[in-house]
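Here is a friendly walk through a protein model. Have a look at it first, and then we'll go through some of its parts.

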Amino acid sequence: MFSAWDRRERPPEEGAAAGLQGFGVDKTFLSSLKGILLETELALTFIIFICFTASISAYMAAALLEFLITLAFLFLYATQYYQRFDRLNWPCLDFLRCLSAIIIFLVVSFAAVTSREGAAIAAFVFGIILVSVFAYDAFKIYRTELMPSTTEGDQQ
């Protein structure tokens, strides 16, 4: 029988056991355009969450929910774990995540600016910036993943 020391020195096994070794972070994804967009969305969502916590705590849940959803997508993409769920249409889910965030942050940002507090106005400004980042992300997803590709036969 092998001891724990022997298992550590052996190379990792191929197949099903190799997938259970842990979550390796893909550093090339984090430096790609999609990774930078997700990191920017995560940071701005956290800033808006802090602003709503300081001013209007009623809108804090929307920012927290979008923060957690964006964090989950960043984790799934950075670890390549989303590839294990091959029945889900990930580009479509990501596109819907961006659209829902655009709608939520537009409504919440304009509702928060009516309170005329300093933190609420800051949340409004960051919310508009975040909406533009989410809109750019949705545009890039649509252009690269969802838009039907045109071929020469389709143009005739």
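Let's start with F46, which is partly exposed because its relative accessible area is 42%. Keep in mind that this is a predicted model.

How are the two rings of F46 and F49 placed, with what distance between centres and what angle between planes? Their centres are 6.5 Å apart and their planes meet at 35°, so this pair is tilted.

## Other rings

Aromatic pairs turn up elsewhere too, and the structure holds 12 of them. Ring pairs also tie F29, F73, Y77, Y82 and W90 together into a cluster.

## The big picture

Stepping back, the protein has 6 helices and 0 strands. Reading from the N terminus, the order is simply α-α-α-α-α-α. The chain counts 156 residues, and 29% of them are buried.

What about contacts between residues at least 6 apart in sequence? Of these, 75% join residues at least 24 apart.

## Two helices side by side

Now for a pair of helices. Two packed helices are described by the angle between their axes and the distance between the axes. For helix α4 (residues 60–78) and helix α5 (residues 90–112), the axes come within 11 Å and cross at roughly 160°. With angles over 145 degrees counting as roughly antiparallel, α4 and α5 are therefore roughly antiparallel to each other. Their crossing is left-handed.

Which residues of α4 and α5 meet? On the α4 side they are A62, A63, E66, I69, T70, F73, L76 and Y77. On the α5 side you'll find W90, L93, D94, R97, S100, A101, I104, F105 and V108. Sorted by class, this contact has 12 nonpolar, 2 polar and 3 charged residues.

## A closer look at T70

T70 is worth a stop of its own.

What does T70 touch, leaving aside its neighbours within four places in sequence? The contacts of T70 are L38, E41, L42, R97 and F134. R97 is also among the α5 residues in the contact with α4.

Note on methods: Residues are numbered from 1 along each chain as its sequence is written. This is a predicted model: local features need pLDDT of at least 70, side-chain atom pairs count only at pLDDT 80 or more; totals for chains, interfaces and linings use all residues. Side-chain values use heavy atoms; hydrogens and water are left out. Axes are lines fitted to C-alpha atoms, for helices over the stretch in contact, and angles run from 0 to 180 degrees between N-to-C directions. Helices (H or I, at least four residues) and strands (E, at least two) are DSSP runs, numbered from the N terminus. Angles under 35 degrees count as roughly parallel, over 145 as roughly antiparallel, 65 to 115 as roughly perpendicular and the rest as oblique. A crossing is left-handed if the near helix is turned anticlockwise from the far one by less than a right angle, and right-handed if clockwise. Contact means heavy atoms within 4.5 Å. Ala, Val, Leu, Ile, Met, Phe, Trp, Tyr, Cys and Pro count as nonpolar, Asp, Glu, Lys and Arg as charged, and the others, Gly among them, as polar. Rings of Phe, Tyr and Trp (its six-membered ring) pair if their centres lie within 6.5 Å; planes under 30 degrees apart count as stacked, over 60 as edge-to-face and the rest as tilted. Buried means under 20% relative accessible area, exposed over 50%, partly exposed in between (1.4 Å probe, protein chains only).
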